[in-house]
Each structure stands twice: as C-alpha cells, then as structure tokens.
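Reader: Could you walk me through this one? I'd like to go over the strands, the helices and then a pocket.

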Amino acid sequence: MSGSLQLSGAHLSQQADGLRAGGDAGAGNDERLEQAAGILALLADRTRLAVLQRLSEGEADVTTLTEACGAARPSVSQHLGKLRLAGLVTTRKDGRRVVYALRHGHLRRLVNEALNVADHQISGLPPHD
C-alpha cells in the first residue's frame, strides 16, 4: 500500500457529506485518529489478535475461539466482551451457544495486513506495496 490513504467511493462520499454538513475537517480528522488509535490498541493484545484472526475465517463460538488461540476460556470471554463493546464483533444466538463474527471486512483486512507485516519481519523479506 502506498503512503497515501486509499478510500473507496463510499468512504469519499461519507467524508464529503460530513464536510458539506458543516463539519470541521481538522476536528473530524482528530476523531478519526482517536478511533483508529483505539482500534489499533485493541489489536495490540496477542489473545485479541488471535481471536480476530480466527474470526476472519468465519463465525465461531467461545469454545472454538479458545481452542484457536490457546488461552483460557475466561480470558477469551473477557476479550470478546471488549471487542463486542468496541463494536468490532457481533453476536448471535444459536440455541444455547453465542456465535461471534467480525462486524466488517475492514477489520479482517487490517488483521491480515498486520500478520503479513509480521511474516515479512520474521522471514526477513523486503517490504513492498
């Protein structure tokens, strides 16, 4: 990815709508940066990152997520609670089970890109766009 932020047409339209509605570009950018920093802070935990990595493959319940990330069930449940409160994952009931899913593909791509950077650093591969 290049140094500039790539936005889809829908995102550009949303930004333009906000500015036309009297929004301050600087204040809006501050809010965006604050939100992004909060999301990245949530990703900075190994267990949460492992949970999100598994959820990027599809829906899963707590048992499946516990097995996938190798953490204790109470710990996984607490991390899921934080991710749910942050609006990064959704839940639905399947009988007595609660099934978790990523809220949107942006998060899946973010997790995958973070793991790709790690792969490059571990293997010594040069960076690329």
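Author: What follows goes through the sheet, then the helix packing, then a pocket. This is a predicted model, in which local features need pLDDT of at least 70 and side-chain atom pairs count only at pLDDT 80 or more, while totals for chains, interfaces and linings use all residues. Residues are numbered from 1 along each chain as its sequence is written, and side-chain values use heavy atoms, with hydrogens and water left out.

Reader: What is the strand order in the open sheet?

Author: The order is β1-β3-β2, with antiparallel pairing; strands are DSSP runs (E, at least two residues), as helices are (H or I, at least four), numbered from the N terminus, and two strands pair if DSSP finds at least two bridges between them. The edge strands are β1 and β2, each of which pairs on one side only.

Reader: How many bridges do β2 and β3 share?

Author: Strand β2 (residues 89-94) and strand β3 (residues 97-102) pair over six bridges, and among the partners, T90 is bridged to A101 and T91 to Y100. The hairpin has two residues between the strands, and G95 takes a positive phi near 70° there.

Reader: And which residue in β3 is the bridge partner of D61?

Author: That is V99, which also stands opposite R92. Strand β1 (residues 60-61) is joined to β3 by two bridges.

Reader: Switching to helices, what does α3 lie across?

Author: Helix α3 (residues 46-55) lies across β1, β2 and β3, running at about 90° to β3; axes are lines fitted to C-alpha atoms, for helices over the stretch in contact, and angles run from 0 to 180 degrees between N-to-C directions.

Reader: At what angle do α4 and α5 pack?

Author: Helix α4 (residues 62-69) and helix α5 (residues 73-85) pack at about 110°, with axes 9 Å apart. They are therefore roughly perpendicular, a label for 65 to 115 degrees, where under 35 is roughly parallel, over 145 roughly antiparallel and the rest oblique.

Reader: Which residues meet there?

Author: V62, T63, L65, T66 and C69 in α4 meet R73, V76, S77 and L80 in α5, contact meaning heavy atoms within 4.5 Å. These contact residues divide into five nonpolar, three polar and one charged.

Reader: Last topic: which residues lie nearest the centre of the second largest pocket?

Author: They are E113, V117, H120, P127 and H128, from a lining of 11 residues. A pocket is an open set of points on a 1 Å grid over the protein atoms alone, where a 1.4 Å probe fits, with protein on both sides within 12 Å along at least five of seven lines, and lining residues have an atom within 4 Å of a point.

Definitions and conventions. Ala, Val, Leu, Ile, Met, Phe, Trp, Tyr, Cys and Pro count as nonpolar, Asp, Glu, Lys and Arg as charged, and the others, Gly among them, as polar.
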